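Student: I have a structure open and I'd like to learn how to read it. Can you walk me through some features?

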Amino acid sequence: MLKLTNEGATITLAQQSKGATDGMFWFAFALLIGAVAVAMAMSVLPERLAIAALGLLVVGSFVFNRRRGQRNKLAQQQINAGILEVHQGGFVHRLAGKANNVQLQADDGINVVQNSLQIVDSGGAQKYHITGFESDKEAQVMQAVLQGQQFTKRHANIKMQDN
């Protein structure tokens with residue numbers, strides 16, 4: 001859904017987000033299993049082996065969190081749900097109570113490709129890929145607002161009508 005505002009546009013992406021808590025659930029489950037295993041190891045094994053088991057649990061938690069953080073960073077580049085508040089030169093992505101403010105560089109490229117919007121840096125590397133628009137027109141309006149084109153509400157309504 002597209003709404004024009006005085007500053008730009010507000011776009012609600014149609015696609016629903018995947019379960020954001022799935023990774024946290026599996027981390028908590030693995031941590032619980034590891035803690036039970038370490039507790040059993042401490043009661044059965046000698047001190048040195050029990051301390052080694054505890055160390056393995058700590059190292060395993062660290063590695064798991066690090067990998068999950070890298071995946072989350074990549075997932076932030078793929079936007080397919082939430083609300084986009086678009087203004088000239090940037091946008092705010094709101095999803096699940098979190099807001100991510102994105103400011104584009106002057107040399108970033110903005111392309112509309114098959115009902116999606118791609119933002120690439122000057123070297124051609126993809127920075128953001130936004131999908132979930134209800135129509136190609138929403139992606140085109142977002143591109144126009146990011147590039148600094150101004151719409152009056154009357155002009156936008158005429159432009160947005162499908163024949």
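This is a predicted model: local features need pLDDT of at least 70, side-chain atom pairs count only at pLDDT 80 or more; totals for chains, interfaces and linings use all residues.

Student: Okay, how many salt bridges does the structure hold?

Tutor: There are 2 salt bridges. In one, Lys 127 pairs with Asp 108, and their closest N and O atoms are 2.7 Å apart. That pair links distant parts of the chain, 19 residues apart: Lys 127 sits in strand E9 (residues 126–130), and Asp 108 in the loop between strand E6 (98–103) and strand E7 (109–112). Helices (H or I, at least four residues) and strands (E, at least two) are DSSP runs, numbered from the N terminus.

Student: And which side chain does Glu 85 meet in a salt bridge?

Tutor: Glu 85 meets Arg 94, at 2.9 Å from N to O.

Student: How do I tell whether a residue is buried or exposed?

Tutor: Look at relative accessible area: under 20% is buried, over 50% is exposed, and in between is partly exposed (1.4 Å probe, protein chains only). Asp 108 has 12%, so Asp 108 is buried, while Lys 127 at 22% counts as partly exposed. Glu 85 is partly exposed at 29%, and Arg 94 is partly exposed at 38%.

Student: Where does His 93 lie?

Tutor: His 93 is in strand E5 (residues 90–95), and at 11% relative accessible area His 93 is buried. Contact means heavy atoms within 4.5 Å. Setting aside neighbours within four places in sequence, the contacts of His 93 include Ile 79, Leu 84 and Asn 100.

Student: Which way do E5 and E6 pair?

Tutor: Two strands pair if DSSP finds at least two bridges between them. E5 and E6 pair in the antiparallel sense, over 6 bridges, and Gly 90 stands opposite Gln 103 in E6. The two strands make a hairpin with 2 residues between them, and Ala 96 in the turn has a positive phi of about 55 degrees.

Definitions and conventions. Residues are numbered from 1 along each chain as its sequence is written. Side-chain values use heavy atoms; hydrogens and water are left out. A salt bridge is a side-chain nitrogen of Lys or Arg within 4 Å of a carboxyl oxygen of Asp or Glu.
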